[in-house]
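Here's a quick briefing to read with the structure open beside you.

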Amino acid sequence: MSESSVVQVKTTPEDILNLSEEDRSAAIEQGKLPIVLAHEVHKWYGNFHVLRGINMEVFKGEVIVIFGPSGSGKSTFIRTINRLEEYQKGKIIVDGTELSRDIRNIEKIRMETGMVFQQFNLFPHLTVLQNITLAPIQVRKWPKEKAEEVALQLLKRVGIPDQANKYPGQLSGGQQQRVAIARALAMQPKIMLFDEPTSALDPEMIKEVLDVMVELAESGMTMLVVTHEMGFARAVADRMYFFDQGQIVESGTPEEIFTNPKEDRTKLFLSQILH
Amino acid sequence: MMNREPEQYTEGEVLAPPTERYTILGWLHKNLFSTWYYSLLTLVTLYIVYAILKPTLIWAFQQAEWQVVVVNLRLFMVGQYPADQIFRIWLALHLLAFTAGLAWAIWLPKARRLGAFLLLIPLALAALPFISTTSKINWVIFAVAALLGWALGIWQPRRMRRPLLILLLAYFPILIFLISGVEPILKLVKTNLWGGLLLTMLLAVVGITVSFPLGILLALGRQSKLPIVKLFSVLYIEIIRGVPLVTVLFMAQLMLPLFLPPQIKIDNVLRAMAGIILFAAAYMAENVRGGLQAIPKGQHEAAWALGLNGFQTMVFIILPQALRNVIPVIVGQFIALFKDTSLVAIVGLLDLLGIASTVLAQPEFIGHQREVYLFIAMIYWVFSYAMSYASRRLEVALGVGER
Ligand SMILES: Nc1ncnc2c1ncn2[C@@H]1O[C@H](COP(=O)(O)OP(=O)(O)OP(=O)(O)O)[C@@H](O)[C@H]1O
Ligand SMILES: [Mg+2]
């Protein structure tokens with residue numbers, strides 16, 4: 001393995017890819033193999049080297065928090081996992097499927113992963129209910145009644161049961177983000193990706209979104225969360241990754257990161273955001 | 001001197017904004033004569049208006065012989081369309097009125113006063129002294145149909161949404177069926193008999209309706225990752241937009257037969273239609289492209305992240321938003337096209353303008369250019385203005401521009 005990144009992982013892509021499909025899913029299900037594996041991932045924007053050898057393994061049911069300074073490549077990395085961004089070198093394997101140019105693999109992985117964006121990205125021309133049911137109906141081919149039933153349950157779960165027929169523009173930011181979470185969950189994904197889900201929210205709305213995310217974490221969902229909400233990290237994260245200049249500089253449990261960070265850059269950054 | 005009412009302010013209270021009340025003199029002063037150069041401008045403008053209006057009005061009411069318009073009214077409206085088949089045009093109009101009434105009730109339920117005002121227009125037309133009794137009756141039926149559609153929409157706004165959409169989609173084929181006819185159900189009326197305002201309208205409606213899907217395809221083609229598709233779309237759009245409509249019309253007249261097998265003969269009107277459609281599609285494509293580009297990237301990404309494929313993303317997420325945003329632009333294009341169709345007179349078609357020259361060629365009406373051209377200018381203006389007014393209202397009703 002190259003030395004370009006500080007943090008290494010034990011699993012190699014071959015460990016997963018050499019197994020038969022059934023063995024892969026069984027091993028991932030039992031937590032013997034990671035459900036997300038990033039191996040030496042590099043990406044360039046033109047000449048700019050954004051991701052410089054990222055290694056990461058995430059096991060089923062784990063909650064991962066990714067943090068680091070602005071421009072360090074956090075968004076870029078999390079977006080490579082469902083192929084909103086391409087990468088030029090390395091391997092990413094999600095739920096036993098290798099991300100490649102093959103469109104079928106991409107579609108398969110996108111069905112297994114839900115994503116929540118900083119700017120919500122709800123569809124403004126559709127009602128809340130339609131926002132949530134669109135993908136289950138069109139992609140999973142569920143009958144409309146089933147999709148709506150699931151959608152209404154999810155709206156209850158995220159705490160806004162009576163907004164189903166409103167349009168996104170009629171909701172507060174916190175409500176919109178919870179709809180976005182419900183929309184992603186409606187596809188019954190195995191992995192949820194969050195890219196700074198509370199950064200665009202007013203302070204009084206941050207908690208209502210974090211509460212939903214904590215509940216989701218406790219229900220056993222595999223989550224990769226880019227966030228600077230350290231309270232959230234402390235409460236539910238299994239591991240934290242510190243990104244700086246396109247590399248993972250340090251990783252560890254919240255306990256290790258907060259009480260005993262090894263790297264100077266981590267210490268400096270934490271001191272800045274924790275005041 | 002503004003003559004503002006004195007008002008008393010008490011500190012700390014919440015106050016309504018001060019209302020400014022003017023006397024007539026105060027208004028005149030503020031808006032027309034506030035400084036000496038505004039006063040001068042006002043006077044000069046008033047003089048110009050007077051200088052134009054006076055001779056025009058004297059001519060229009062004392063010298064002009066409007067007989068030429070009255071006698072040829074049917075020619076101006078429908079050209080050579082057989083008299084015993086004109087009921088089909090009326091039928092199409094009544095259906096249009098019904099649809100418009102329904103749409104008005106569902107989309108603009110609050111604009112009652114304006115609706116009532118619009119309803120007066122067909123009734124006013126029915127009251128015109130020089131039109132036939134059949135036309136009078138038909139204008140009344142037209143108003144009734146509009147009122148009927150409106151009442152239905154007000155009565156069952158939710159239930160009527162779907163029928164309205166179906167009606168809107170089906171209107172175009174029904175229109176063509178009614179005007180052209182399909183043997184043996186409805187007597188065929190050859191396109192060379194279509195003329196006047198009817199032909200002008202049909203050219204514009206067919207042009208915009210058929211160019212709409214073509215324009216969407218071209219706009220998508222222009223953004224395509226497939227190099228050949230992209231190249232074709234770009235070339236097509238840029239070539240067509242780089243030449244005047246007249247040349248496209250001549251091309252359609254002269255070149256179209258080259259592309260078709262010899263046993264298929266298409267007449268002048270269809271060729272002109274093809275030319276107009278090809279022309280309008282290029283502009284439509286650019287309008288649609290503008291709408292597509294205005295959709296934020298996050299919308300694409302959210303759709304992809306949910307597992308929708310490229311096609312589903314377009315159909316369910318991007319196009320509905322993009323098209324809604326470009327409705328006003330498309331209406332604008334329609335109005336422009338409505339006026340531009342007058343160019344078909346150059347390739348020998350008898351649209352409104354073409355009819356004008358045939359009327360003027362009749363020996364008894366030689367020298368009546370003023371009456372005839374003023375009349376058709378009025379028709380173009382009334383329709384263009386009505387459509388642009390309606391589109392502005394539609395824009396407000398659709399909430400385009402706000403989010
Ligand atoms: N499309 C692009 N083209 C060129 N450079 C880009 C592009 N997108 C991002 N970058 C650059 O890549 C770097 C990493 O961006 P990224 O959005 O991943 O950072 P981030 O860690 O998420 O930062 P933030 O906390 O501000 O969201 C930044 O320097 C950014 O300017
Ligand atoms: Mg970011």
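**A covered strand and a ligand site**

Strand β7 (residues 191-195) of chain A runs parallel to β8(A), and the two pair over five bridges. Strands here are DSSP E runs of at least two residues and helices are H or I runs of at least four, numbered from the N terminus; two strands pair if DSSP finds at least two bridges between them. This is a predicted model, where local features need pLDDT of at least 70 and side-chain atom pairs count only at pLDDT 80 or more, while totals for chains, interfaces and linings use all residues. Residues are numbered from 1 along each chain as its sequence is written, chains are lettered from A and ligands numbered from 1 in the order in which they are written, and side-chain values use heavy atoms, leaving out hydrogens and water.

**Around β8 of chain A**

- Leu224(A) in β8(A) has Leu193(A) standing opposite, and Ile64(A) also stands opposite Leu224(A).
- Strand β3 (residues 63-67) of chain A pairs with β8(A) too, in the parallel sense, over four bridges.
- β8(A) itself spans residues 222-226, and five of its five residues are buried (under 20% relative accessible area with a 1.4 Å probe, protein chains only; over 50% would be exposed and in between partly exposed).
- Both faces are covered: Thr222(A), Leu224(A) and Val226(A) are buried on one side, Met223(A) and Val225(A) on the other.

**The ligand 1 site**

- The residues surrounding ligand 1 include Tyr45(A), Phe48(A), Lys74(A) and Glu196(A), where being near takes a heavy atom within 4 Å.
- By class, that shell has four nonpolar, six polar and two charged residues; Ala, Val, Leu, Ile, Met, Phe, Trp, Tyr, Cys and Pro count as nonpolar, Asp, Glu, Lys and Arg as charged, and the others, Gly among them, as polar.
- Ser70(A) puts a polar side-chain atom 2.6 Å from a ligand 1 oxygen, and a side-chain N or O of Ser75(A) is likewise 2.6 Å from an oxygen atom of ligand 1.
- Gly73(A) uses its backbone instead, with an N or O atom 3.0 Å from a ligand 1 oxygen.
- On its own, ligand 1 exposes 640 Å², and the protein buries 57% of that (Shrake-Rupley areas, 1.4 Å probe).
- Two elements of chain A, β2 (48-58) and α3 (74-81), each give two or more residues to the shell, with the largest share, three residues, coming from α3(A).

How values were computed:
Polar contact = N/O pair within 3.5 Å; in protein donor to acceptor, adjacent residues only side chain to side chain.
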